[in-house]
Amino acid sequence: MAATRHTPHTMKHELLKAVSTGDAGLLEQVLGLQSSATVEQGEESCLKGVTAEGSSALHIAASCGYLELVKMVCAQDISLVKARNNLCDTPLICAARAGHVDVADYLMECAINEQEDLRARNLDGATAMHEAVRNGHVLLLQRLMSKDSGLAAVEDERHVSPLYLAVASNRADMVKVLIGESSNSVTPVSYSGPDGQTALHAAVYISREIGESLQCWDPTLATVADDYGRTALHYATLAKNIGPVKHLLANSSLAYIPDNEGLYPVHIASIVGNVNIVCKFMEICLNYDELLDNKRRNILHCAVEHGRIQVVWHICRNPKSARMMNARDGEGNTPLHLAVKKGHTLIFSLLMMDTMVNLDIMNNEGLTPLDVAFSTLHSDYTFSSFTNTSIITCLTLCEASGSPCHQARNLTDKWCLEEKKESSSYANVSRSILYISIFIVVGSVTAACTPPGGYIAEGKDAGKPVFGERTGFWIFMVANSMSFHLSTIAIILFVFARLTRHRRFHLILSAALVFGAVLSMVIAFAAVVGLTLDPANSWDEYILIWLVSNLAFPISLRVAMQLWTSKHRWQDISKVVAQAILVVYVIRASIIGMQSLVKSLLLGRHESCSWPWCAIQVDSAFLYPT
């Protein structure tokens with residue numbers, strides 16, 4: 001509906017002031033009602049003036065709720081009841097939006113053409129009833145329904161009915177008014193919403209009470225699908241509301257209605273990961289293992305693909321789910337194929353524990369799960385490839401075999417493809433690791449030439465490091481040497497990688513060496529700082545403290561951000577805790593091993609010096625017990 005554009009502001013200032021402030025005396029003066037003379041055409045025409053938004057004096061008075069002024073204006077020009085502003089609002093729509101029941105009653109009585117005026121629609125296609133429901137005016141809704149119940153059947157431009165608005169606003173009282181008066185109405189109440197939804201689609205999200213009342217009012221609502229083919233049961237499952245799901249499943253046939261993508265409600269439950277709803281569907285749909293979507297996926301495929309560990313665990317321990325373990329989807333992938341492809345290690349472990357799972361089934365590309373793991377490994381140039389390596393190791397130990405056709409295909413075109421196209425991610429990662437390696441080599445050489453504390457300037461020990469007889473100094477030297485050698489070997493591997501086809505192997509090996517070099521640099525830095533601490537503290541303890549202080553903040557910040565945006569937050573938190581415990585034990589074991597190494601070196605240099613803390617400075621010896 002196109003809006004009628006009015007001329008610029010033509011309303012008299014006195015008239016605008018009168019209807020805006022509710023000044024009846026001023027309005028009488030403007031209209032000339034205080035004079036005994038008959039109103040002339042010029043005085044009557046002042047009501048034809050409008051504001052910049054096209055609103056007449058009756059629009060403003062109705063919006064403000066000034067009933068006396070509305071009566072005065074209508075008495076002078078009844079045609080203003082049909083007037084529209086730039087948004088195509090009538091005075092009745094303005095009164096309904098503001099909730100002025102008395103003004104709306106009077107305007108309905110003054111309607112020239114009752115049905116046409118009461119069902120007038122604005123620019124958005126909304127009627128006075130839409131505005132009353134949207135703004136929560138239940139008394140006004142009752143008056144409109146009693147005057148013209150056919151208003152409940154009018155939809156706006158988005159095909160939204162007043163009933164849908166009442167449900168979406170969680171107004172059970174309005175819903176009761178609309179469906180209660182419909183029994184006496186000749187025109188049925190519309191329940192439509194956007195995208196082909198019904199009021200029941202919204203009710204399963206909003207209120208169980210409203211949903212049950214709608215089902216009692218019209219039992220066929222549960223079978224109506226939206227533009228995507230989804231019924232109210234699909235929406236209730238997606239919202240994880242077990243109450244509406246149980247109520248809707250009183251009609252078990254609803255569980256067998258798929259949407260446009262072929263997804264049954266049980267598929268939706270598996271995708272969102274609600275175990276209770278999945279169990280309920282498995283009780284109702286005894287042949288749930290036969291329900292497939294348009295991609296020929298069963299519920300186990302969906303749960304594995306979306307990482308729903310609890311649903312997978314529940315399905316795996318159900319003996320009736322045996323047929324789904326090795327079922328192939330439209331691409332020929334079994335649940336094990338998908339678990340390997342997505343890198344879900346916990347789900348992979350659950351499937352591997354089931355002896356019914358076949359490890360050698362090929363998909364449409366001729367790939368077994370082991371082939372998929374190798375393919376993922378070759379296409380992933382990040383440190384997450386270690387997860388794929390563990391999957392490959394597990395499959396190999398379980399005697400999983402690769403596809404003969406895949407091996408033959410790799411034999412003919414593997415090297416050609418690798419020479420033809422080098423992954424951009426490989427180039428970025430290798431360049432970054434190379435820069436880090438060079439930086440560590442330069443830093444290690446610099447640190448070796450300038451030992452902590454400097455050199456002794458005078459005496460018989462002139463030229464020796466100041467802290468040369470301290471344990472922490474030798475820890476620094478060993479760690480610094482390790483970082484230098486590891487980084488140097490990593491650089492050599494990068495150079496050698498250009499001369500061979502096994503680039504990925506050299507990249508992973510170089511990354512591991514650089515990681516060891518970085519860890520050695522951190523230990524060396526902690527040892528240097530430890531030389532200035534109280535010697536009464538065990539050096540392995542302050543090294544551990546410095547490792548945590550230097551690494552904990554950036555790592556914790558990144559992990560916290562990842563957990564905050566994760567879809568499986570609690571599962572990821574459990575994995576992070578387990579990994580943190582493992583890292584602490586690994587660092588502790590490394591420190592103990594280095595302590596033993598330094599101890600053997602010092603005992604070889606100074607037979608008479610007691611372990612673990614012995615510092616010799618000039619002619620004095622100081623013993624620091626642990």
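Predicted model: local features only at pLDDT ≥ 70, side-chain atom pairs only at ≥ 80, totals over all residues.
Tutor: Local features here need pLDDT of at least 70, side-chain atom pairs count only at pLDDT 80 or more, and totals for chains, interfaces and linings use all residues. Residues are numbered from 1 along each chain as its sequence is written, and side-chain values use heavy atoms, with hydrogens and water left out.

Student: Why is α1 called roughly parallel to α4?

Tutor: Helix α1 (residues 13–21) and helix α4 (residues 57–64) pack at an angle of about 20°, their axes 8 Å apart. Angles under 35 degrees count as roughly parallel, over 145 as roughly antiparallel, 65 to 115 as roughly perpendicular and the rest as oblique, so α1 is roughly parallel to α4.

Student: Which residues of α1 and α4 meet?

Tutor: Leu15, Leu16, Val19 and Ser20 of α1 meet Ala57, Ile60, Ala61 and Cys64 of α4, where contact means heavy atoms within 4.5 Å. These residues divide into 7 nonpolar, 1 polar and no charged.

Student: What makes Cys285 buried?

Tutor: Its relative accessible area is 1%; buried means under 20%, exposed over 50%, partly exposed in between (1.4 Å probe, protein chains only). Cys394, at 26%, therefore counts as partly exposed.

Student: How do you know that Cys394 is in no disulfide?

Tutor: The nearest cysteine sulfur, that of Cys398, is 4.4 Å away, and a disulfide is a pair of cysteine sulfur atoms within 2.5 Å. The structure holds 0 disulfides.

Student: Why is α21 described as largely enclosed by the rest of the structure?

Tutor: Because 6 of the 8 residues of α21 (residues 335–342) are buried: Pro335, Leu336, His337, Leu338, Ala339 and Val340.

Key:
Helix = DSSP H or I, 4+ residues; strand = E, 2+ residues; numbered from the N terminus. Axes fitted to C-alpha atoms, helices over the stretch in contact; angles between N-to-C directions. Nonpolar A, V, L, I, M, F, W, Y, C, P; charged D, E, K, R; others polar.
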